[in-house]
Amino acid sequence: MQNAISRRRIAERFGADPSRKLLVPYITAGDPDLDTTLALMHTLVENGADIIELGIPFSDPMADGPVIQAACERALAGGTRLVDVLDVVARFRKTNDETAVVLMGYMNPLERLGYAEFAERAAAAGVDGVLTVDLPPEESAELGVELDKAGLDAVYLLSPTTPDARLTAVAERASGYVYYVSLKGVTGAAKLDTSEVASRVKHIKSLVNLPVAVGFGIRDAKSAATVAATADAVIVGSVLVAMVGEHGSDADALHAAVGGAVRSMREAMDAATGPAWDPALEA
Amino acid sequence: MNIETRIDHGDSPVRTGTAQPDGKGHFGVYGGSFIAETLMDPVAELQQAYERYRKDDEFIAEFEWELKNFVGRPNPLYHARRWSDELGGAQIWLKREDLNHTGAHKINNTVGQALLARRMGKKRIIAETGAGQHGVATATVCARWGMECIVYMGAEDIVRQAPNVFRMKLLGATVVPVESGSRTLKDALNEAMRDWVGNVDDTFYIIGTAAGPHPYPTMVRDFNSVIGREIKEQSIEHTGRLPDAVIACVGGGSNAIGAFHPFIEDKEVALYGIEAGGDGVETGRHAAPLTAGRPGVLHGNRTYLMEDDAGQIIETHSVSAGLDYPGVGPEHAWLKDIGRVTYDAATDDEALAATHTLCRLEGIIPALESAHALAHAVKLAPTMGSDKNIVVNLSGRGDKDINTLATIEGMTL
C-alpha cells in the first residue's frame, strides 16, 4: 500500500519547477465507464496534466452546469459509486506515482460512506486531496479532522463574492491549494473576464499563502495561457467533459480530442510563461 | 418586539429550553449552510437582512397588513361536523388555508420574502415549484410589486399541474421547464440554485419550503407561523382551550412547521406530520424521508433524505406533486429526533379516499397534499373521544388537482 501520509503530491507538483504553471484537468469518474476514466487519466498525464481532479458523480450537482450534470447522469446510469471512484484511483496508482489526484464532489456520498472510512480508503487508494463543493469551511470541522488524519489535503473554493475576511479564514482551513472560481456561475458558464480574474488572483495571492488554482470558464488554450499568467494552476473541466459526452464510445476519437485539447493548453501555457528549457538559450 | 414574539403573541416563548436554531441555522445536528462558496456571501447578506427586519416594527406591520388585506387573513377554523359525526370520534376542525388568496398557505411566505427582497433592493425574483402553488404565490407577489419573476418547474410537474402553469403565465411570470434528473421539484430547486449562483447581484431566491441553507428554514417557518398562531386563538375562541392534536402534511414541511411552531412548548397538544406514502412505504415507492429515510446533506441543509446506499438521491413517488420531494425541512428532522412531533405517512389511495370524503361530506375540495393530513385524521379521530378536538391544516384547495383526479377515474376534461 502506498504510504499516503508521507507523500504530499500536491505540494511536490507545485514545488517541482517554479517556472511551470500547473495544468489541472477535471473529468467525471465513471463517465461513461470506469475503464474509460482510467485510460483518460493516463492520457491527461501524457499530454501535460500535473494534477487530476476526478469528479465523484452525484444525482444533484447543484453547482454544475449542463455538461457536468449530463456526465454525472451517464456515470450514475453505469452504476458508479464513491467506492468505485476510489478503486479507479488505486488502479491509476499502479503505474503513476507522481501525478496528484484530487477528488471533487458533493457531501452526501461521503456522508453516507462515513467521513473516517472515506478518508482512510481515499488515502489508501492514493488520493491526495478532497474538494467538497457544498461544504463551506464553516461546516467542515468533522470531515476536516478525518482528512487531516489521513494526510489528505482539503481544497476549498474561493469566489468573486468572497470578502477579504473570508478569504483568509478559508485559506486557514485549506491545504494543497485554493480553487478560485473565476466567475459567478456554475461550471462551464461562458463569461470569463480574464483581466478581472488577473486582478482578483493577485489580490488573493497577497492575502493567502497557498498556490492559487483558477477554474470555471476556461475553455481553450488562449484562456488557459492568459489565466496562467497570474494563477499558479489552471483547471479545465467542462470542455473536456463535453468531449467525453461526444466521443464516449469511440476511444480513439476520445483520446485524440481530450489529449489534443490538454496538449494545446499545456503548450500555450508554457509559451506564455516561458518554457523550462528553451533551445534558443542554448545557442 | 420582533417577528417571533409577535407570532407567538408573547404567550408562548417558543424557544424556551429549546433554543433552535443556533446562530448558524442548526436545529440540533440538522440545518446549517451546505452551499458552494459563490453563494456564501449572498446568503450571509440575506441572513443579515432577515435578522434586521424580523425585529423591525415597520416591516412586521407591513407584513401583517398584507396578510390581512391582500391574502385575506385570518381564514376560518371550521368545524367539520358531518365528517366528525361519520368518523364517530374526536371533533375535526379544518384550518382553512385553502381560502387564502391563491388558494394555499404558500402566499404567507412569498409575501414575507417579497417584502424582504424589496428592502434589499433586489428586482429579479426566482423560485422553484412542484405543484405550482408556490410558483403561483411567487408570481402573484411579483405582479403585486412589479418584480421580474422566473419560476423553475420540473418538466414532469408542468404536465401534471397545467392549470397552475397557465396561472403563473397570466400573472406575468416566466416558467422554465427543468429537464434534468427526475424532472420534478428537487431538480427545479437545483436549477434555481444554479440561476442564483450566476445572478447573485440582482436576484432574490424565494424558496417555497422550510428547507435550504440558513436562514431559509427559519424565515419560512416564521412567515408561516401565522397559521399556528391563528389556530391557537381560534381554538380558544371556539372550544375554550387548545386543540388536543394538530395534523399537517409534510413535503418540505412549510405548512406543517407554520402550524406546529406556536405549539412546540404546549406539550399537551399532540402534533402529527404526515408524509406522502405513495404506493406504500413498504414498496419503496413513496416520498417519506422522515418515515423511511436517513440523515444526509442536500439543497443546503442536513436533514432526512431519500437516498440509496451510495448516497445518491432517489426518485420519489406521490400522487401529489407538492409532496414529491426527497428531503424535508431540517426543523422537522430535529422535531422527529426529539420526539416532539409524530411523523407518519398516508398512501396515495388513503389521500384520494379522504379527498372524496371531504368533497361529499363538507363541500370542500382539498389539495391532494392536504388530503394526506385528512387521511391521518381518518385514522386518529375514531381513537379519541367526541369531546376531543383535532385541527387538520387544510393547506390548499384542490382545484389544481382536478386533472389528476379525473385521469385516475379514467376521464379527460
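This report describes a predicted model of a complex with chains A and B, from its confidence scores to its cavities.

## Basis and confidence

Residues are numbered from 1 along each chain as its sequence is written, and chains are lettered from A in the order in which they are written. Because the model is predicted, local features need pLDDT of at least 70 and side-chain atom pairs count only at pLDDT 80 or more, while totals for chains, interfaces and linings use all residues; side-chain values use heavy atoms, with hydrogens and water left out.

The predictor gives the complex an ipTM of 0.92 and a pTM of 0.94. pLDDT is the predictor's confidence in each residue, from 0 to 100. Chain A averages 92 on this scale, and 94% of its residues score at least 70. Residues 275-283 of chain A have a pLDDT below 50, and this stretch has four contacts in the model beyond near neighbours in sequence. A contact means heavy atoms within 4.5 Å. For chain B the mean pLDDT is 94, with 95% of the residues at 70 or more. Residues 4-18 of chain B stay under 50, and the model has 35 contacts for them beyond four places in sequence.

## The interface

The size of an interface is often given as the accessible area lost when the parts come together. Here, 37 residues of chain A are in contact with 39 residues of chain B. The area buried between the two chains (accessible area, 1.4 Å probe, lost on being put together and summed over both) is about 3100 Å². Carbon and sulfur atoms give 47% of this area. M62(A), R112(A) and E139(A) supply 24% of the area that chain A buries against chain B, more than any other three residues.

## Salt bridges

Side chains of opposite charge can pair when their charged atoms come close. A salt bridge is counted when a side-chain nitrogen of Lys or Arg is within 4 Å of a carboxyl oxygen of Asp or Glu. The whole structure has 47 salt bridges over all chains, and six are found across the interface of chain A and chain B. K184(A) pairs with D201(B), with the closest N and O atoms 2.9 Å apart.

Within chain A, E98(A) and R7(A) form a salt bridge at 3.9 Å, N to O. This pair links distant parts of the chain, 91 residues apart: E98(A) is in the loop between α4 (82-93) and β3, and R7(A) is in the segment before α1 (9-16). Helices (H or I, at least four residues) and strands (E, at least two) are DSSP runs, numbered from the N terminus.

## Backbone exceptions

Most residues other than glycine have a negative phi, and most peptide bonds are trans. The bond from R73(B) to P74(B) is cis, with omega near -5°; P74(B) lies in the loop between α3 (57-71) and β3 (77-79) of chain B. Another cis bond joins H214(B) and P215(B), with omega about 15°. P215(B) is in the loop between β8 (203-205) and α10 (216-224) of chain B.

In chain A, F216(A) has a positive phi, near 80°. F216(A) sits in the loop between β8 (212-215) and α10 (221-228) of chain A.

## Cavities

On a 1 Å grid over the protein atoms alone, a cavity is a set of points where a 1.4 Å probe fits but cannot get out, and its lining residues have an atom within 4 Å of a point. Grid points are joined across faces, edges and corners, and a volume is the space filled by probe spheres set on the points. The search finds ten cavities of 30 Å³ or more.

How values were computed: On a 1 Å grid over the protein atoms alone, a cavity is a set of points where a 1.4 Å probe fits but cannot get out, and a pocket is an open set with protein on both sides within 12 Å along at least five of seven lines; lining residues have an atom within 4 Å of a point.
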